[in-house]
Amino acid sequence: MEQDPDEWVKAAGDVISEIKEKAPDSFEQMACVGLSGHMHGIVPLASDGTVLHPSILWCDTRCAQQAERMRESLSEEVRQRLKNPFVTAYSAGKLIWLKEERPRVWENMSVFLYCKDFVRYRMTGKRMTDYSDASGSLLYDFSTDTWCAQACEALGLQREQLPPICPSATQAGRVTAEGARLFHLKEGVPVAVGAGDLAASLFGSGVHSERDVLVNLGTAGQVLALRPRGESRKEGGYTFKFLDAQEDMLLYSLPSAAYCARWYVEQICPSFAREAEERGIPVFEWMHARAQTSPPGSRGLLFAPYLSGTGSPYFDDRIRGAWIGLDSAHRDSDFARSILEGVAFGIKQCVELEEQGAGSRRVFLTGGGARSGLWRQILADVLESGVFCPHVPEAAGLGAAKLAMLACGMSTAHIQVKTELVKPHAMNRQVYRQAYQRYVRIYAALKSL
């Protein structure tokens with residue numbers, strides 16, 4: 001899966017133009033630009049800034065062999081300093097794939113950048129990245145908080161091909177004349193370094209305590225938690241730096257979460273789109289309305305949400321999903337609800353990995369899937385815990401805005417995020433406990449096939 005980075009620039013320019021048109025007074029008061037973007041996918045640039053190849057996205061698994069060969073080529077001591085499993089989502093495997101499959105791109109690559117960093121480069125002409133994106137590369141040395149010399153040498157990367165790493169809440173530069181033209185901004189406005197979407201979401205959601213976890217129910221599902229610098233990674237998870245080198249961020253991931261719902265309405269039940277249009281409502285709202293007519297447990301139908309592999313805790317990019325317990329009595333409402341429940345079970349497995357005997361934590365929920373009242377309730381029931389839902393339309397966007405405020409010397413202390421507490425229904429507890437016990441056995445069963 002690939003994206004054209006210049007489309008990001010166009011989309012950002014279109015959004016900024018719309019803001020300028022709809023809120024001209026606020027636009028004139030702009031003090032700094034904040035940035036966030038999806039992680040891991042790299043943009044190779046020539047020395048003149050030309051994009052040499054579309055960005056290969058985090059969910060693309062073409063580099064499985066390259067990632068495994070890299071793991072085998074490094075000593076155990078170096079692998080320990082990288083702290084993370086050698087999975088296809090990370091950047092190193094994608095770089096090796098380019099080197100082997102697109103040698104001309106590799107030969108002409110002056111530097112590689114991440115999504116938000118490419119957008120900022122077009123704004124300011126400055127090439128750099130932040131700690132959260134750098135640490136999602138398998139090229140970052142957690143013991144020195146710099147690029148890992150041995151890992152870069154294994155890839156054949158030169159120092160000048162690696163962007164400098166800076167704290168997220170610092171000024172990277174100012175909008176150039178060309179940047180002003182591309183993005184419809186005022187020339188000279190400061191631009192913050194910014195952060196990857198996971199770190200920005202955590203920062204924007206208002207989660208600050210190490211006793212809290214954030215569940216991000218987006219295209220993928222993530223469970224995020226903060227930890228003191230240097231704490232050992234728990235089994236089944238990933239480690240990132242947060243906004244600077246002083247704090248770590250733990251991640252437990254389900255590669256396909258809200259994407260499962262999109263796949264269902266687009267590929268399996270396209271009639272939902274027509275029915276939703278007839279009722280004048282969004283298609284996902286109609287899907288969730290249909291799901292609500294199925295009882296908890298989806299009449300015994302169980303969904304394994306492995307459309308793009310497993311993520312945590314198995315790190316298996318080759319395994320694929322399934323419906324278990326299908327019979328002729330099941331209706332579209334049962335399929336729809338089973339998808340929401342299957343994703344919730346995957347999230348529960350991630351939360352349990354994060355806790356690992358640490359006791360109960362407060363659970364916060366953000367992401368596009370969190371807009372569904374039914375999905376929020378299913379998560380609370382499955383987790384058997386109250387779920388706090390911040391009233392933030394886009395947590396990563398708010399996080400990027402807060403970083404911009406800090407970069408230009410403004411305080412963020414007055415920004416308080418209101419939350420709604422969704423409590424679990426006691427009557428659903430036993431149904432979901434039993435279904436979850438079936439769910440945790442699915443991976444081994446599918447693997448055996």
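1. Y264 and M287 touch the most other members of the largest nonpolar core, which has 57 residues; such a core is a set of buried Ala, Val, Leu, Ile, Met, Phe, Trp, Tyr and Cys residues joined through side-chain atoms within 4.5 Å, with buried meaning under 20% relative accessible area for a 1.4 Å probe and protein chains only. Helix α15 (residues 332-355) supplies the largest share of this core, eleven residues, helices being DSSP runs of H or I with at least four residues, numbered from the N terminus.

2. The model is predicted, so that local features need pLDDT of at least 70 and side-chain atom pairs count only at pLDDT 80 or more, while totals for chains, interfaces and linings use all residues. Residues are numbered from 1 along each chain as its sequence is written, and side-chain values use heavy atoms, with hydrogens and water left out.

3. Once neighbours within four places in sequence are set aside, M287 is in contact (heavy atoms within 4.5 Å) with A261, Y264, V265, F272, A336, I339 and L340. A second, separate core of 54 residues includes Y131, A134, I165 and L198.

4. In helix α7, ten of the ten residues are buried, among them D117, R120 and R122. Just after α7, G125 takes a positive phi of about 80°.

5. α7 (115-124) also supplies at least two residues of the lining of the second largest pocket, as do α1 (5-22), α2 (24-28) and α17 (395-407), and α1 gives the most, with seven residues.

How values were computed
Buried < 20%, exposed > 50% of the residue type's maximum accessible area, 1.4 Å probe, protein only.
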